[in-house]
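The sequence and the model are shown first.

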Amino acid sequence: MFNHIPTYAGDPILSLMDAYQKDPRAHKVNLSIGLYYDEQQQVPQLQAIQQAYADLDTQLKQVKLYLPMSGLQRFNQASQQLIFSTADPAALDRIATVQSLGGSGALKLAADFIHQFFPNSQLWVSNPTWENHISIFTASGVNCHTYPYYDASTQGVDFKGMLDCLNTLAPKNVVLLHPCCHNPTGADLSQAQWDQVIQVLKTRELIAVFDMAYQGFSQGLQQDNYAICQALQANLSFMVSHSCSKIFSLYGERVGSLSIVCPDTEARIRVEGQLKSLVRKIYSSPPSTGALLVSHVLNTPKLYALWQQQVEEMRLRMQQMRQSLRDQLEQALEHDFSYLTTQQGMFSYTGLSPAQVQQLRDDYAIYLVGSGRLCIAGLNQKNLSYV
């Protein structure tokens with residue numbers, strides 16, 4: 001019965017993680033998967049989350065009933081306030097938000113929503129983008145294309161190429177955008193450039209999907225949502241996929257949300273209903289533990305302040321690693337490595353070829369993604385000189 005089923009080649013990033021785990025070399029360095037490591041090379045449990053576990057101990061030990069299809073309501077409200085932090089509170093009434101299975105689950109919901117209600121629309125993603133973007137939307141039946149983004153000669157953004165492409169798209173086409181910490185390049189738009197992109201989205205009547213998995217890791221929690229809040233202020237209708245995995249260090253809890261900004265409250269009610277319908281068809285309802293933890297942190301002023309401090313500490317540590325790596329490389333080689341400190345967030349595009357990446361892995365036990373993407377968070381003072 002199953003002879004016709006082909007072998008799955010495996011996800012390139014997750015398969016690389018498997019290879020790293022099996023590597024017996026003691027000096028191995030993982031600079032591949034998007035996990036935040038601290039100076040001790042550990043994925044930390046944040047103090048704010050530790051306290052949330054303690055505060056909710058009795059509740060978390062009780063039998064947890066199914067959440068509503070839309071998820072934990074106070075988590076959704078807190079997510080909105082985090083994502084749209086500088087927006088007029090009245091505007092939140094036209095935003096439909098549902099809890100999702102991490103950022104990937106939010107993108108899946110967005111893809112199914114687009115396929116069902118905008119069947120003729122096509123998706124445009126940056127070249128390059130996170131590999132799973134295309135996989136998720138294609139699997140939902142949405143045709144995908146790329147717009148110019150990365151300029152290898154400057155190791156920054158090809159903004160003219162990007163803008164020229166967006167200006168050719170037909171109305172109701174969908175554009176996936178990284179509001180901060182572009183994955184995989186780390187090359188972000190400036191606020192002035194975002195203003196121009198938002199104007200094009202409005203003029204061309206395009207549907208934006210903002211994928212925000214690293215809020216707070218670039219310039220700060222409020223600064224990193226600049227594009228989203230400007231799009232809201234411009235009265236655009238758009239979507240935001242938001243992940244709590246990295247910024248709360250809750251990878252395995254699968255906590256995220258999908259928000260859809262609607263023209264008015266009446267449209268929000270209809271959209272929210274259809275999102276619930278999509279959730280019911282896929283997984284019925286989301287898990288509760290992660291949402292309870294995040295909601296408690298965001299709704300408890302003392303823990304919220306502690307969490308903000310810890311996100312800032314993570315951001316500054318990654319910036320320090322960027323600067324230190326640049327300094328040591330420029331001391332050793334006559335080459336300009338300024339892109340390392342210009343790019344933002346967890347990742348940098350090194351410009352290394354697949355063959356060079358393979359050599360680093362085979363000869364030195366240093367693991368990067370085949371594209372040359374380097375996870376800055378995998379660096380620390382102990383392995384930096386070796387790398």
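The sections below treat the basis of the model, its sheet, a helix, salt bridges, backbone features and a surface patch.

## Basis of the report

The structure is a predicted model, in which local features need pLDDT of at least 70 and side-chain atom pairs count only at pLDDT 80 or more, while totals for chains, interfaces and linings use all residues. Residues are numbered from 1 along each chain as its sequence is written, and side-chain values use heavy atoms, with hydrogens and water left out.

## The open sheet

An open sheet of 7 strands has mixed pairing and the order β2-β10-β9-β8-β7-β3-β4. Its edges are formed by β2 (95-101) and β4 (144-148); each has a single partner strand, so one side of each is left without a neighbour in the sheet. On average, neighbouring strands of this sheet are turned by 25° against each other, direction ignored; the axes behind such angles are lines fitted to C-alpha atoms, for helices over the stretch in contact, and angles run from 0 to 180 degrees between N-to-C directions. Strands (E, at least two residues) and helices (H or I, at least four) are DSSP runs numbered from the N terminus, and two strands pair if DSSP finds at least two bridges between them.

Strands of a sheet pair through backbone hydrogen bonds, either parallel or antiparallel. Strand β7 (residues 174-177) pairs with strand β8 (residues 207-212) in the parallel sense over 4 bridges, and V174 has I207 in β8 as its bridge partner. By contrast, β2 and β10 run antiparallel and are joined by 7 bridges. Strand β9 (residues 238-243) also runs antiparallel to β10, with 6 bridges.

Is strand β10 enclosed by the rest of the structure or left open? All of its residues, 7 of the 7 in residues 255-261, are buried, so β10 is largely enclosed by the rest of the structure. Buried means under 20% relative accessible area, exposed over 50%, and partly exposed in between (1.4 Å probe, protein chains only). In a regular strand the side chains alternate between the two faces of the sheet. Both faces of β10 are covered, with V255, S257, S259 and V261 buried on one side and G256, L258 and I260 buried on the other.

Two serines lie in the strands that flank this element. S100 lies in strand β2 and is buried, with a relative accessible area of 0%; its bridge partner in β10 is G256. S241 stands opposite L258 in β10. The C-alpha atoms of S100 and S241 are separated by 9.0 Å, although the two residues are 141 residues apart along the chain.

## Helix α5

Helix α5 (residues 102-117) has 16 residues, which should span 22 Å at 1.5 Å a residue; its end C-alpha atoms are 23 Å apart, which agrees. The expected span is 1.5 Å times one less than the number of residues in the helix. Among the buried residues of α5 are G102, L107, D112 and I114.

## Salt bridges

How many salt bridges does a search of the whole structure find? The search finds 11, a salt bridge being a side-chain nitrogen of Lys or Arg within 4 Å of a carboxyl oxygen of Asp or Glu. One of them joins the side chains of D23 and R25 (2.8 Å, N to O); D23 is buried at 9% relative accessible area, whereas R25 is partly exposed at 25%.

Within helix α12 (residues 301-332), E312 and R315 lie 3 residues apart, about one turn of the helix. Their closest N and O atoms are 2.7 Å apart in a salt bridge. E312 counts as partly exposed at 28% relative accessibility, and R315 counts as buried at 9%. Salt bridges that share partners also join D93, R268 and E272 into one network.

## Backbone features

Two cis peptide bonds may be noted. N127 and P128 are joined by a cis peptide bond with omega of about 5°, and P128 is in the loop between β3 (123-127) and α6 (131-139). Phi of E205 is near 55°; E205 lies in the loop between α8 and β8 and is partly exposed, with a relative accessible area of 45%. S249 has a positive phi of about 55° and is found in the loop between β9 and β10, where S249 counts as buried at 13% relative accessibility.

## Surface patch

M1, F2 and I5 make a nonpolar surface patch of about 420 Å². Patches are made of residues with over 30% relative accessible area and no salt bridge, with like charges joined within 9 Å and nonpolar side chains (Val, Leu, Ile, Met, Phe, Trp, Tyr) within 5 Å. Accessible areas come from the Shrake-Rupley method with a 1.4 Å probe, and for residues only the protein chains shown count as cover. M1 is in the segment before α1 (12-22) and is exposed, with a relative accessible area of 84%.
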